[in-house]
Amino acid sequence: MTDVYQKRTLRAYLQRLSKAQWAWLAGSVSLCIAVVALGWFVEPTRGRTVPPLSTTMSIRDIAPKLGVTGKALARELGLPLDVPKGKPVKELGISQHDLEHAAAHLLGHQSGPLKYYIFAALVLWALVFLTRLGRPDNSPPSERRVWYPRAFYVATLMLAVAMCGFALGKSPNPMEGAVKVLKSMVGLYPSVWEKGIALAFFLMLVIVGNKLICGWACPFGALQELLYSLPFFRRIKRRKVPFFLSNLIRGILFVAMLSLLFGIVGERKGFVVYHYINPFNLFNFEFDQVSVAVTIFAALAVAFVAYRPFCQFICPFGLISWFVERLSLTRVQIDADRCTHCGACTHACPLEAAEHKLAGRIFAADCYSCARCLNICPEDAIAFRPVWPRALKRRTIVPRVQKDHSVRQLEGKP
Ligand code: SF4
Ligand code: SF4
């Protein structure tokens, strides 16, 4: 499979693009730049600093300065949610250092809308690439090795890590979008609606294009994807984690998080498990919790050999968006009439997604729209396309060619 990737050259792909596709390429890139520029224009503040705070102030005085609720500040200071909010915080055992550290952390979670625009632009670009640009017009299946060049994917992932990660910090991000809604339900944020809108934005992107937000735009997802794409440990990578196991672990963690957050289990209502295993802290260089540093290190180390371990085993947005994937309007689809069940796509897929799609499972494993399967099918049976039937009928199907033996050759068979 990797041989196929190596043989695909960007130049060969670009030579095959039609005039209409060049227009799509120029238009979509221009539109994405315009969307990001608009986000930059409406961004109200950049680099918010910690206001002057003193331990003689109470939680009630400090919280509004930080734009959070008293409960959120109490939790950040390691105090019970029902601690007296009118007392000076030094009487609650809080030092100046603890106070400033908590304030910096809370402000680190706040940001303007720019990153939402960047997420939207990256998803828009991915959508155009997968539906309109990846496969040159009128290119027959025999040329499929130049389709969907990895260079575009890798460049987009690097942009996601740089812009949505290190340049703009950890907030907002899809995982946080899911967690903050739940936190606002126990009073850790003033408005459930405000946080609900942020989550709805990310879920809307999942509905527009199947998990493109995870596959192409989430900075920590992108970082794991980049590490997994490195040409090391190929033999180990052939082994896949069974989906039922990874999803079970992800689900159990989510239920445990809800139980602790709502105080159904334990006595610390408002306790957020994900706070202690949040890998997005990497982008703010916040490693003060040992568990966070361990999570980041473990996730990135395992990402060399297993596909997106944090997404598969832990991320709550990964779990929620897995449910929402059923509603995605564009996604990878397999034409059952053309498929000969040769196994090429299941071999190329780093998860069990292609296998489950082939089997027609409604609750198939997560598909991160990574495009690995899109140029692999000898029968031209796979495409990333809209789900509505009319589009399926209109799609130009290149006549079946006699099945070649590239897949067998890749497997070392004559
Ligand atoms: S599942 Fe992975 S890619 Fe998606 S939000 Fe979570 S960390 Fe990011
Ligand atoms: S290879 Fe698997 S995860 Fe990637 S797009 Fe295809 S089905 Fe989805």
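Which residues have the most contacts inside the largest nonpolar core? They are Leu122, Val123, Ala160, Ile213 and Ala217, in a core of 85 residues. A nonpolar core is a set of buried Ala, Val, Leu, Ile, Met, Phe, Trp, Tyr and Cys residues joined through C-beta atoms within 7 Å; buried means that 20 or more other C-beta atoms lie within 10 Å of a residue's own, with C-beta atoms placed from the backbone.

This is a predicted model, where local features need pLDDT of at least 70, side-chain atom pairs count only at pLDDT 80 or more, and totals for chains, interfaces and linings use all residues. Residues are numbered from 1 along each chain as its sequence is written, while chains are lettered from A and ligands numbered from 1 in the order in which they are written.

Helix α7 (residues 114-133) gives the core its largest share, 15 residues; helices here are DSSP runs (H or I, at least four residues), numbered from the N terminus. Domain 1 (2-44 + 112-324) and domain 3 (325-410) both contribute, so the core lies between them; the domain bounds come from an automatic or database assignment. Apart from it lies another core, of 16 residues, including Ile62 and Val68.

Now for the ligands. A residue counts as near one if its C-beta atom lies within 6 Å of it. Ala, Val, Leu, Ile, Met, Phe, Trp, Tyr, Cys and Pro count as nonpolar, Asp, Glu, Lys and Arg as charged, and the others, Gly among them, as polar.

| Shell | Nonpolar | Polar | Charged |
|---|---|---|---|
| Ligand 1 | 9 residues | 2 residues | 1 residue |
| Ligand 2 | 11 residues | 1 residue | 1 residue |

Around ligand 1 we find, among them, Cys214, Cys218 and Arg308. Ligand 2 is surrounded by 13 residues, the closest being Cys349, Cys367, Cys370, Arg372 and Cys373.

Technical notes
A residue is buried if 20 or more other C-beta atoms lie within 10 Å of its own, exposed if 12 or fewer, and partly exposed in between; C-beta atoms are placed from the backbone. Helices (H or I, at least four residues) and strands (E, at least two) are DSSP runs, numbered from the N terminus.
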